[in-house]
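Please read the following note beside the model. It takes up side-chain contacts and their surroundings, point by point.

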Amino acid sequence: DVSGSVERLNAGKWWLDLTASPARAAVVLQQAGTVHVHGEVGGTSSRLRPADVQVTWQDAAIADLLRLASAYDHGIRGTFSAALSAHTQGALWNLSGHAELRRLHRWDLPTRPDNPAVNLLIAGDWLPEASALNISAAALETPRSRITATGAFTWDPNTNLVDENLPQDFSITSTAIDGTDLLAWLRAFIPGISNDVVLKGSLAGDLTFRGTPPEPVAGAIFANKLSLEGDSLRSPVSASDARLAFAPQDFRLAPSSIEIGVAGGALRVEGSCASAGPICQAKLSGRVLDVEDLTSAASAVGWNWPAGWHIEGPATFDLQWLFLGRETNLASNQETRGATGKISFQDLSLRAPFLNQPVTGMKGRIDLAPTGAQLALSSASAFGGNWTGSLDLLPHAGGHHFSLSVDRLNSEDLDRW
């Protein structure tokens, strides 16, 4: 659906004033918006040069924008508009423009007043013969944050940027990505995040990309006093020293501390991921004084903790994860993947919605392996007796197996439970 006019100004120069509704074969669109192109261009024999063109795209749905690009609905909703100015200087196309994305959210979540809004500003040169883009200035802006970028990249592996007198790196920098903006993005795409929590602090960092396609070769992202707080949390959860460092062959999360409350203990996390494979691994260790501090934080950020279940008391964590990519040949059997390690506990208290009284004095550990998880119970007080034994929590195949014993039971205690 195209309307407008194309007029010949003189030999080798044309005036365009066209309006169109974008479409793609076999793709159903609902709000593709309106594209308007006007300006002067040269003929096809000169590859449209010289040119001085203005392009706008208004009132488009992000869902349709992604359908036009990939013929697939990615489940993202919101609105999109953009404007671009382009004029030629020899073989170069000088570009400058901006794009606006509003009310971004997941397709099955309702819109919120704090749904993310993004402005993208860009200026640079397009080299069509070299299949390269040299960005002199670019910025991604949200209500409280700003990310800037400069440099060049190419989508043709045969293009040498140095031979084209272009920088061989593409750099991204941000002095602060505000925690409020981060939480707004999480709420827009993850259900169940409490309205009572706030994320204070920020992320900052810089990254350098190189190659075709561009891959990170240097830089780091680090947390600046990040803290999750709110009425729905039993105590704040903070990470003030987390740092993710990038190198040509891998990236690593340096050993970082997650603090739970003022005196609630701390967990130590670290990890790495190799670019070849990939092979990724992560470790979690440490002690918390009350497990319910962790479960309340998990529930506040959308994790579906079973209603009516409460676990209180200290626990010690020593867990590892190994993730193998599809192209990795190393030990591809199931037993090399997933979580391994143990969670030890002493004097835990468990409340369940179908029990009148709590299970107290729980001592033992949970052993995790890629094939399942097993509870080894050395002591627990319930139904008037002391219990010991084992229970399969997450069997890899088949039903749950258990072996439990108790020193005494009587009908009066069972009735009270």
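1. Basis of the note. This is a predicted model, in which local features need pLDDT of at least 70 and side-chain atom pairs count only at pLDDT 80 or more, while totals for chains, interfaces and linings use all residues. Residues are numbered from 1 along each chain as its sequence is written, and side-chain values use heavy atoms, with hydrogens and water left out.

2. The model has 21 salt bridges, the term standing for a side-chain nitrogen of Lys or Arg within 4 Å of a carboxyl oxygen of Asp or Glu. One of them joins D250 to R252, with 3.2 Å from N to O. D250 is buried at 19% relative accessible area, whereas R252 is partly exposed at 47%; buried means under 20%, exposed over 50% and partly exposed in between (1.4 Å probe, protein chains only). Another salt bridge links D367 with R365, and its closest N and O atoms are 2.9 Å apart. Here D367 is partly exposed at 23% relative accessibility, and R365 is partly exposed at 37%.

3. D413 and R416 form a salt bridge with their closest N and O atoms 2.2 Å apart. Both residues belong to helix α4 (residues 411-416) and are three residues apart, about one turn of the helix. Helices (H or I, at least four residues) and strands (E, at least two) are DSSP runs, numbered from the N terminus. An α-helix has 3.6 residues a turn, so residues three or four places apart point the same way. D413 is buried, with a relative accessible area of 10%, while R416 is partly exposed at 46%. Elsewhere, shared partners join the salt bridges of D64, R67, D73 and R77 into one network.

4. Helix α1. Two residues of that network, D64 and R67, are among the buried residues of helix α1 (residues 62-70), together with I62, A63 and L68. The buried residues of α1 pack against β4 (52-61), β5 (76-89) and β6 (92-106), where contact means heavy atoms within 4.5 Å. Just after α1, A71 has a positive phi of about 60 degrees.

5. The disulfide. How many disulfides does a search of the whole structure find? The search finds one, a disulfide being a pair of cysteine sulfur atoms within 2.5 Å. The partners are C273 and C280, with sulfur atoms 2.0 Å apart, and both cysteines are buried.

6. Aromatic pairs. The count of aromatic pairs is 11. Rings of Phe, Tyr and Trp (its six-membered ring) pair if their centres lie within 6.5 Å; planes under 30 degrees apart count as stacked, over 60 as edge-to-face and the rest as tilted. The rings of F170 and F209 have centres 6.5 Å apart and planes at 55 degrees, so this pair is tilted. The pair links distant parts of the chain, 39 residues apart, with F170 in strand β10 (residues 170-178) and F209 in strand β11 (residues 197-210). F170 is buried at 13% relative accessibility, and F209 is buried at 17%. W309 and F354 form an edge-to-face pair, 5.6 Å centre to centre with 75 degrees between the planes. W309 lies in the loop between α3 (291-300) and β18 (310-312) and F354 in the loop between β20 (338-351) and β21 (359-369), so the pair ties together parts 45 residues apart in sequence. W309 is partly exposed at 29%, whereas F354 is exposed at 57%.

7. Aromatic cluster. F170 and F209 also belong to one aromatic cluster with F153 and W155.
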